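Please look at the chain below from one end to the other before reading on.

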Amino acid sequence: MLNYRQLHYFWVVAKTGSIVRACEQLNLTPQTISGQISLFEQTYNIKLFRRVGRQLELTEAGRQTLPYAEHMFQLGGELELMLRAQPNEQQTLFRVGVADVVPKSIVYRLLAPTMELSEPLRITCREDKLERLLADLAIQRLDLVISDSPMPSHLDIKGYSQKLGECGISFFATPALADRHGQDFPHGLHDAPLLIPGPETVVRSRLQRWFAEQQIQPRIVGEFDDSALMQAFGQSGSGIFIGPSVIAEEVKQQYGVQVIGQTDAVSESFYAISVERKVSHPGIVAIAEGARRELFSV
């Protein structure tokens, strides 16, 4: 069986960069740490470190081992926090992955109902590329993934998609840009500076098709996977940008911009992806009900 204490010593040395610093953190002698790591290496006939001058560097085997160790001890830390909680303070852990293309305001609005449950949840939220999040969902490191697309059919991962809602898009501009390009929507967008979502977003292709149908050719000055960064550039006046119509008022107030037009011909959809066909986790149930009742009710 894997010796987790030896693996932990390896992990601390790899993270701190030296046996001396690991000794300070673990309150152990150098002989104890180096001896236990040597035993671990002997068990599997590998070398985890090599010495380069006075420094320790990870070998290829060490580099491959480190991510596994990090995952294991991160989960161990979460387990320890849960076990140490007093019975009347115990919270249900709700681990949510968010595809990085989903607007942050939408994520907050979707998660807000989970903060009002009678039995409190402790939410951990991680943003990443969709495929990496789905891989963690498959091994139950996440309870839910929020995405702008359903479960991709080409992935050999068991998962079920629940559509949370759909809405059209609005076009936002600073007052100066609105004065120049805000008339005669949507044709006023022709040759206007435009900030658009990156190619990994579903709305990108829909938007381009709509421009072609309207015979409009805006001037693309920036494209962004991160909607918050796109909005920051839009706030500075770099270009007109889009966002889900359900959060139009919030975007206007937060960034000091105006809505110069809106269309339902281009829509954004949002999905909750989980490994359960019949959802039972209270957090996922709250998100689905809140989205249907409030966020996408109009």
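**Briefing on the predicted model**

Because its relative accessible area is 7%, below the 20% under which a residue is called buried, Q6 counts as buried. Leaving aside its neighbours within four places in sequence, Q6 is in contact with Q36, L39 and F40.

**The chain as a whole**

- The protein chain has 11 helices and 10 strands, and buried residues make up 44% of its 298 residues.
- A compact globule of 298 residues would have a radius of gyration near 19 Å, whereas the value for this protein chain is 25 Å.
- Taken along the principal axes, the box filled by the C-alpha atoms is roughly 75 × 50 × 35 Å.
- Of the contacts with a separation of 6 or more, 75% are between residues 24 or more positions apart.
- The accessible surface of the protein chain is about 16,500 Å², and carbon and sulfur atoms account for 49% of that surface.

**Strand pairing around β6**

- Strand β6 (residues 160-173) pairs with strand β10 (residues 258-274) in the antiparallel sense, over 13 bridges, and within this pairing the bridge partner of E166 is S269 in β10.
- Strand β6 also pairs with β9 in the antiparallel sense, over four bridges, and here I169 stands opposite P244 in β9.

- Which residues of helix α9 (residues 227-235) are buried? They are S227, M230, Q231 and G234, and because they cover an arc of only 100 degrees around the axis, they are on the same side of α9.
- This arrangement can be read alongside a general rule: an α-helix has 3.6 residues a turn, so residues three or four places apart point the same way.
- The N-terminal end of α9 is capped by D226, which has a side-chain oxygen 2.8 Å from the backbone nitrogen of A228.
- Just after α9, G237 takes a positive phi of about 90 degrees.

**The loop between α7 and β7**

- L189 is placed in the loop between α7 (175-181) and β7, and because its relative accessibility is 2%, L189 counts as buried.
- Leaving aside neighbours within four places in sequence, the residues in contact with L189 are F171, H181, F211, I216, P218, I240 and I260.
- The C-alpha atoms of L189 and I157 are separated by 41 Å, and these two residues are 32 residues apart along the chain.
- P186 is also placed in the loop between α7 and β7, and a cis peptide bond, with omega of about 5 degrees, joins F185 and P186.
- D184 has its place in the loop between α7 and β7 as well, and because its relative accessibility is 56%, D184 counts as exposed.

- As background, most residues other than glycine have a negative phi, and most peptide bonds are trans.
- Phi of D184 is near 55 degrees, a positive value in a residue other than glycine.
- Phi of N45 is near 55 degrees, again a positive value in a residue other than glycine.
- N45 is found in the loop between α3 (30-44) and β1 (49-52), and N45 is exposed because its relative accessible area is 71%.

Terms used:
Residues are numbered from 1 along each chain as its sequence is written. This is a predicted model: local features need pLDDT of at least 70, side-chain atom pairs count only at pLDDT 80 or more; totals for chains, interfaces and linings use all residues. Side-chain values use heavy atoms; hydrogens and water are left out. Buried means under 20% relative accessible area, exposed over 50%, partly exposed in between (1.4 Å probe, protein chains only). Helices (H or I, at least four residues) and strands (E, at least two) are DSSP runs, numbered from the N terminus. The arc is that of the directions from the helix axis to the C-beta atoms. A polar contact is a pair of N or O atoms within 3.5 Å; within protein, one must be able to donate a hydrogen and the other to accept it, and residues adjacent in sequence count only if both atoms are side-chain atoms. The radius of gyration is taken over C-alpha atoms; the globule rule is 2.2 Å times the number of residues to the power 0.38. Contact means heavy atoms within 4.5 Å. Accessible areas come from the Shrake-Rupley method with a 1.4 Å probe; for residues, only the protein chains shown count as cover. Two strands pair if DSSP finds at least two bridges between them.
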